[in-house]
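Take a moment to look over the sequence and the fold. Then follow the paragraphs below, one region at a time.

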Amino acid sequence: MKSVALSNPKMVLYGLALLALVSWLLLRATQYFKKPTDYPPRTPDVEKRGSYFKAPPREPGVWEPMDFKRPTAPPAPDWDVHTSKPKPYRPFRHGPYHITMGLRNMNWDEWIELDSHYMKFHTDKANRIIDRGSKCSYTDPRAFEGAVELLEEFCAYLPERYPSLYKGTAVGMDNLLTGEVFNIVEQPLIEDPMQMAGRMVQDDLAIMFEKEDGQYYLLAGSILLAGFWKLEDKLGMPLSEIHTSGDVPGFKEKLEKGMMNFFRRVQPNGPVQRNNYFIQVDDELAWSSSIGDEDGAEGTVGWFTAEKNKAIEHHYFRSERQTLRRLPRSGGVVFTIRTYFHPITDICEEPYVPGRLASAVRSWGDDVSKYKGKDRYQDVLLEYLDQKHKEQVEAGLPVEKEDEVRAYPF
């Protein structure tokens, strides 16, 4: 006996249409209920939406505290302050070079990255605090509550993520390696809150706050190991001026509008991250002396002062991993800026790196090349990269399989 549906062509069509509709609804429901970290890290989507959560309407410069709590972080797996190696970020692609913000979603567990370089960074930062003080770490009085909020976030997160290094206390936390005691409750604080925050992590830190004009201003920071820029030069500037004063390539044409919209929309539950990279021709993490004296007069600091085509042993790969999140109580937008610093000769022992880096450097436009100081080192660097790539290919490197084994930004 035939069923009614199979004996009636119209019923068959209706059934197929209904099945397609149900399938589509299920797909949409699945996408809707995904967590932010379930999505692939597609830069245009992240930059366009600001986060996966719609921003409520508000007046510029007005922030109502939000009831949001960061998810508890599990301990970092197999982590040891003496043996855990830095992550191998290699955030460069084969050409052509595209100018974007390069944002992708961040897993809350991975907000702050610490590794076996911790004590070197900690010592360098401590020396910079002694030598330069408020030139490197400063909190505008209008940003004080936001800076204290960041301290509270660190004292909650770091003992969760790195329990062998940090222990939470009733007043903050203790550093089990250095013996430092961080009391963030007693007022007045023993030191500037951003300076205290800078002692806790390997990252440099900055907090931007929105004013009534809708612009975001740098009002608090601990910039101790930035290499090429100084907090004292940028403090109090709006976001757009920070970038234009630094001659960031393509900012006005390709980045400014999207960046401003992103900042206005970003919510406490939508953290993001990005990576960048530079070539440096000296081994100084805190300040690259090749571009001039850190306290040099205006007009005396820049790539034009660097010695041209130094030996490859003086070339270093400098990469930053930046995270960006909004603090729920104060509304400040926090940048963490973690620098990874390695000799070029070291990273070029890794498969695919020399060929891909050579392609990336050759694809820089004139503005990017000037910004990154390419004419100071390109001859020596590219000759070395080409030779190392040739050696890898001759040793049997399967160039056609690179995409299968090397996923950006690693």
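Which residues does Ile344 touch, not counting residues up to four places away in sequence? This is a predicted model, and in it Ile344 touches Ile279, Ile312, His315, Tyr316, Phe317, Leu357, Leu381 and Tyr384. Ile344 belongs to the largest nonpolar core, which has 49 residues. Seven of its members touch the most other members: Met208, Phe262, Phe263, Leu324, Ile344, Leu381 and Leu385. There is also a second, separate core. That one has 39 residues, including Met106, Leu114, Ile184 and Met200.

Now turn to helix 4. It runs over residues 118–132, which makes 15 residues. From its first C-alpha to its last, helix 4 reaches 21 Å. That is close to the 21 Å expected at 1.5 Å a residue. Tyr118, Phe121, His122, Lys125, Arg128, Ile129 and Arg132 are buried in this helix. Seen down the axis of helix 4, the buried residues fall within an arc of 130°, so they line one face of the helix. Ile130 and Asp131 are exposed on the other side.

What covers the buried residues of helix 4? The cover includes strand 3 (166–169), strand 4 (172–175) and strand 6 (204–210). It also includes helix 6, helix 7 (231–234) and strand 10 (333–343). Just after helix 4 comes Gly133, with a positive phi of about 50°.

Next, look at the backbone. Most residues other than glycine have a negative phi, and most peptide bonds are trans. Where does this model depart from that pattern?

Start with phi. Asp78 has a phi near 50°, a positive value in a residue other than glycine. Asp78 is found in the loop between helix 3 and strand 1. Tyr352 also has a positive phi, near 80°. Tyr352 is found in the loop between helix 10 (344–347) and helix 11 (353–362).

Are these two residues buried or exposed? Asp78 counts as exposed because its relative accessibility is 81%, over the 50% cut-off. Tyr352 counts as buried because its relative accessibility is 7%, under the 20% cut-off.

Now the peptide bonds. The bond from Gly95 to Pro96 is cis, with omega near 5°. Pro96 lies in the loop between helix 3 (43–49) and strand 1 (104–105). Asp78 is found in that loop too. The bond from Gln187 to Pro188 is also cis, with omega near -5°. Pro188 has its place in the loop between strand 5 (181–183) and helix 6 (193–200).

Key:
Residues are numbered from 1 along each chain as its sequence is written. This is a predicted model: local features need pLDDT of at least 70, side-chain atom pairs count only at pLDDT 80 or more; totals for chains, interfaces and linings use all residues. Side-chain values use heavy atoms; hydrogens and water are left out. A nonpolar core is a set of buried Ala, Val, Leu, Ile, Met, Phe, Trp, Tyr and Cys residues joined through side-chain atoms within 4.5 Å. Buried means under 20% relative accessible area, exposed over 50%, partly exposed in between (1.4 Å probe, protein chains only). Contact means heavy atoms within 4.5 Å. Helices (H or I, at least four residues) and strands (E, at least two) are DSSP runs, numbered from the N terminus. The expected span of a helix is 1.5 Å times one less than its number of residues. The arc is that of the directions from the helix axis to the C-beta atoms.
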